[in-house]
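Q: I'm new to this one. Can we go through the charged side chains together?
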Amino acid sequence: MTISVALWTLLAFLAEPRPAYEILDRDREMALAKSAGLSPWNEEATLYVLGPQGYSKAKEGANGFSCMVGRSDPGTRWPVCFDAVGTESILPRYLREGELRLQGKTAEEVRSDTGQRFLTGEYRAPGRAGVSYMLSEETIASNGREVILVPPHLMIYAPNVRSEEIGVV
């Protein structure tokens, strides 16, 4: 009897509709976003949080940096803090893509929207080199086959620089 009740409870739980992208408590989302950056810059950064309709600004910053928790696939979440260059050029794309995913758009529709916005000039590549900080120990990403924990790291963008010029082959 106990096993059948537990089984029915589990089946009912699994059958409940769940959002494809986890919406965290606002304070938890802000703390997770800040965990991507370095102090003191992350303390003065603009913070974005994900809600049912997309991202919204939770805190206005004072240093040009911005932090958010990105979600590119169901089950993923990747805290990231952008420097001023990334805030201007990369952040708007990630905010829009999050909104589209919450609307149920397919990966192809998201890519198409992003491509169109680059073609019209609404999005542009960074104008100079910069850094995105992904120093959180709670980054969960997808490698195309499974969801994995990703170690803290930096993402460096250097427009118009070839891999060979910086020793990356």
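Predicted model: local features only at pLDDT ≥ 70, side-chain atom pairs only at ≥ 80, totals over all residues.

Q: Where do Asp 113 and Arg 117 lie?
A: Both Asp 113 and Arg 117 are in helix H5. They sit four residues apart, about one turn of the helix.

Q: Is Arg 117 buried or exposed?
A: Arg 117 has a relative accessible area of 18%. Buried means under 20%, so Arg 117 counts as buried.

Q: And Asp 113, buried or exposed?
A: Asp 113 is buried, because its relative accessibility is 17% and the cut-off is under 20%.

Q: Which residue in helix H4 pairs with Asp 113?
A: That is Arg 96, which forms a salt bridge with Asp 113, with the closest N and O atoms 3.1 Å apart. This pair links distant parts of the chain, since Arg 96 belongs to helix H4 and Asp 113 to helix H5 (residues 107–119), 17 residues apart.

Q: Why does Arg 96 count as partly exposed?
A: Its relative accessibility is 21%.

Q: Give me another one, then. What does Lys 34 pair with?
A: Lys 34 forms a salt bridge with Glu 43. The closest N and O atoms of that pair are 3.1 Å apart.

Q: How does Lys 34 count by accessibility?
A: Lys 34 is partly exposed, at 24% relative accessibility.

Q: What about Glu 43?
A: Glu 43 has a relative accessible area of 38% and is also partly exposed.

Q: Changing topic: where is Arg 101 found?
A: Arg 101 is in helix H4, which covers residues 91–102.

Q: Buried or exposed, for Arg 101?
A: Arg 101 is buried, with a relative accessible area of 16%.

Q: What is Arg 101 in contact with?
A: Setting aside neighbours within four places in sequence, Arg 101 is in contact with Tyr 21, Arg 71, Ser 72 and Val 110.

Definitions and conventions: Residues numbered from 1 in each chain as written. Heavy atoms only, no water. Helix = DSSP H or I, 4+ residues; strand = E, 2+ residues; numbered from the N terminus. Buried < 20%, exposed > 50% of the residue type's maximum accessible area, 1.4 Å probe, protein only. Contact = heavy atoms within 4.5 Å. Salt bridge = Lys/Arg side-chain N within 4 Å of Asp/Glu carboxyl O.
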